[in-house]
Amino acid sequence: MNSIEEARQAIARLASKNRYEVMIETTAIFTELMEPYGIKPVIVGGLAVEIYTRGQYTTQDIDLILGRRELANEIFLQLGFIKEGRHWFHPEIDIGIEIPNDVLEDADEEKIIKLHLPSGRYVYVIGIEDIILDRLRACIYWQSTSDCEWGLRMLKVHRDRLDIDYMLSAAGRDYPATLQKLKEWLNE
């Protein structure tokens with residue numbers, strides 16, 4: 001992607017795609033625009049869950065972790081997004097984006113994956129272990145039954161490829177309830 005205009009045109013062409021494709025491709029286009037500045041947007045939150053559950057879970061917005069929020073704001077506005085509070089909304093493709101933090105907290109950057117898309121673009125996604133731990137924390141501390149369900153589902157689906165030692169160690173650095181709940185999930 002060489003220019004904002006090319007990016008705008010690529011986003012406009014997404015209007016006929018399904019919601020997931022619109023969100024993932026918009027993120028990939030935005031990633032292409034940010035990388036020349038040394039910035040690697042990382043998908044977290046619901047869209048990461050949607051990716052790891054292969055669409056069984058669905059979300060309504062995109063959560064990205066990246067530095068230089070002011071540059072992101074400038075690019076979003078140039079792409080046709082409208083700033084609404086802490087979100088950017090694109091009326092033509094009906095998606096919202098939030099940057100909940102400038103740094104990836106409670107997660108290992110080494111576990112971030114680069115997901116290659118059929119379009120030839122790519123996005124960066126929080127590691128599977130860390131999104132499971134994120135849902136586990138929400139399950140416990142927000143008493144979110146949805147997060148309990150989806151965290152456990154991801155653990156079961158991806159169990160064979162998970163770094164369980166990493167997860168136990170990370171949970172052990174958290175509150176005792178986190179480690180206890182993770183052990184329960186591992187024994188289910």
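Predicted model: local features only at pLDDT ≥ 70, side-chain atom pairs only at ≥ 80, totals over all residues.
Residues are numbered from 1 along each chain as its sequence is written, and side-chain values use heavy atoms, with hydrogens and water left out.

Searching the whole structure turns up 13 salt bridges. One of them joins the side chains of Lys111 and Asp163, at 3.2 Å from N to O. Lys111 sits in the loop between β5 and β6 (113–116) and Asp163 in the loop between α6 (145–158) and α7, so this pair ties together parts that are 52 residues apart in sequence. Helices (H or I, at least four residues) and strands (E, at least two) are DSSP runs here, numbered from the N terminus. Asp163 comes out as partly exposed, at 30% relative accessibility; on this scale buried means under 20% relative accessible area, exposed over 50%, and partly exposed in between (1.4 Å probe, protein chains only).

Asp147 and Arg135 meet through their side chains in a salt bridge of 3.1 Å, N to O. This pair links distant parts of the chain, with Asp147 in helix α6 and Arg135 in helix α5 (residues 128–141), twelve residues apart. Are these two partners buried or exposed? Asp147 counts as buried at 12% relative accessibility, and Arg135 is buried too, with a relative accessible area of 11%. Arg153 and Glu149 form another salt bridge, at 2.9 Å from N to O. Both of these residues belong to helix α6, where they are four residues apart, or about one turn of the helix. Arg153 is partly exposed at 35% relative accessibility, and Glu149 is partly exposed at 36%.

Now for helix α2 (residues 19–34). With 16 residues, α2 reaches 22 Å from its first C-alpha to its last, close to the 22 Å expected at 1.5 Å a residue (the expected span is 1.5 Å times one less than the number of residues). Of the 16 residues in α2, 13 are buried, so the helix is largely enclosed by the rest of the structure.

Strand β1 (residues 42–44) pairs with β2 in the antiparallel sense over three bridges, where pairing requires DSSP to find at least two bridges between the strands. Val42 has Ile65 in β2 as its bridge partner. Strand β5 (residues 95–101) runs parallel to β2, and four bridges join the two. Asp61 stands opposite Gly96 in β5.

Last comes a bit of the surface. Which residues form a nonpolar patch there? Tyr141, Trp142 and Tyr175 do, with about 440 Å² of accessible area together. Patches are made of residues with over 30% relative accessible area and no salt bridge, with like charges joined within 9 Å and nonpolar side chains (Val, Leu, Ile, Met, Phe, Trp, Tyr) within 5 Å; the areas come from the Shrake-Rupley method with a 1.4 Å probe, and for residues only the protein chains shown count as cover. Tyr175 is found in the loop between α7 (164–172) and α8 (176–187), and is exposed, with a relative accessible area of 54%.

Definitions and conventions: Salt bridge = Lys/Arg side-chain N within 4 Å of Asp/Glu carboxyl O.
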